[in-house]
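Here's a quick run through some labels and what backs them up. Have the model open while you read.

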Amino acid sequence: MEITNRESNQQIFKDITSNLVSSLSSNMFIYGLGLMLLNQTHSALSFGIDLVVGPIISLICMVPIGNLVDKYPHKNIILISMIIRIIAILFLGMTIDIFKGLFKFIPVIVFVSINSAAVVFATTAYAAAVHELVNEAKIQQLSSLTSAATSFANIFAPVLGVGVYAVLGFQVFVWIEILALLFTSLLTLTMKFHYQDRPAQDIAVKIQSQFTNFKKGLNYIVQQPLIKRLIIIAVVLNFMFSSINMGLPYIINTQLHLGNTLIGILDMFNAIGGLLAGILLNFLSANRGGKARIIIPLFICGFYFLSLGLIFMQITKITMIIVWGSVTMLIGGLGVSVLNITTQVYIQKTTPIDILGRVMSTMTTASTIMFPVGTLFFTFLFQASSNGAVIYLICGVIWLIMLTIVTPNLSKNIK
């Protein structure tokens, strides 16, 4: 049944609201958790634990996630995932104070493992359900506005996270996250998923083994030169970006002793860049500027690293660090979000619906699997180095050299 524009707009509004609430609460929760661990353990891994555990869980669950998302109703998968997350958060809230010092990582790792598995199931189901929520003409609008809503929430999450932690401590974040999950669960219940009848496929899925069935998604990716090249680029880029996610708080808080407020400000401007990207792409045709939307953001990422390195190496006044750091984070957030939205829309519009879950699961896992390796690698480097700015300069130079080499072939693939 054809989904009307009116119904598509209603679904987009609900999806935007859901992402706004869930992103705001979950990012505040991550900030509170990271600050608590950093203050009590003084480990650079405090803000990188999710980057280490999450991708490992994604890799372990990659095959069953893709198969289950393509087999079962997406709405049910999303709701069950939310229930599991609520249980995991309650477990963390009841056990975190039992442990002291570095032992606090024990309940945190258990929570992050369960939560990451549930989040991957839900996000993969959402990505695969795009054709069930809106018509094809509204797919880019759904992706861009949902991304904009997430970025809008992320603008306030760092400041709110730091402020709430300073005043009320960590435990309040547990209840905020639980209330947010209950709200988004109720909102999801009101959304209508237009399922397609695929009885023949369901029978085939039951007969085939998990891996044999998953290979259909892998075979599709192998036949797509652009997707293969983008996966390789994402693997390398995410390895380097792990240095920002966990290294930036460590440099500011531990090496430069500039406090937690600056961390929140810089992350806020990174989110503003993502918000601008979502709004911009909402008004652009999905069929225009495909090459520029991929290649330009990739070069922006290189200058992103170089700029951060120069700022923390050359500038000593905190006001100037705020100014130039905010500009750098805004441009970096803009570039990364444009690249992410463009890639996601392309895959959702061109991949056959019956294997979309498997393709999205493979893409997500492949593009994030280097986060654990990168987080551990850069944790060692930052703690061994007295000046983390040098690490960013080296990353920027290496990335720009590699990108210059692969750009000609990438440009041909896009064309």
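What follows is a set of questions and answers on this predicted model.

Q: Why is Ile84 called partly exposed?
A: Its relative accessibility is 37%. Buried would need under 20% and exposed over 50%, so Ile84 lands in between and counts as partly exposed.

Q: What makes up the nonpolar patch on the surface, and which helices supply it?
A: The patch is Ile80, Ile84, Phe91, Val110 and Ile114, with about 390 Å² of accessible area together. Helices α3 (74-95) and α4 (105-128) each supply at least two of its residues, and the largest share, 3 residues, comes from α3. Ile84 is in that helix, α3.

Q: How do you know that the length of α15 agrees with its number of residues?
A: The helix has 15 residues (370-384), and at 1.5 Å a residue they should span 21 Å. Its end C-alpha atoms are 21 Å apart, so the two agree.

Q: Why say that the buried residues of α15 line one face?
A: Seen down the helix axis, they fall within an arc of 160 degrees, so they line one face. Among them are Phe371, Gly374, Phe378 and Phe382. The face turned away from the buried side carries the exposed Phe380 and Ala384.

Q: What makes Cys301 and Cys395 buried?
A: The cut-off is under 20%. Cys301 has a relative accessible area of 1%, so it is buried, and Cys395, at 6%, is buried too.

Technical notes. Residues numbered from 1 in each chain as written. Predicted model: local features only at pLDDT ≥ 70, side-chain atom pairs only at ≥ 80, totals over all residues. Heavy atoms only, no water. Patch = residues over 30% accessible without salt bridge, like charges linked within 9 Å, V, L, I, M, F, W, Y side chains within 5 Å. Areas by Shrake-Rupley, 256 points an atom, 1.4 Å probe, with all protein chains shown as cover. Salt bridge = Lys/Arg side-chain N within 4 Å of Asp/Glu carboxyl O. Helix = DSSP H or I, 4+ residues; strand = E, 2+ residues; numbered from the N terminus. Buried < 20%, exposed > 50% of the residue type's maximum accessible area, 1.4 Å probe, protein only. Expected span 1.5 Å × (residues − 1). Arc of directions from axis to C-beta.
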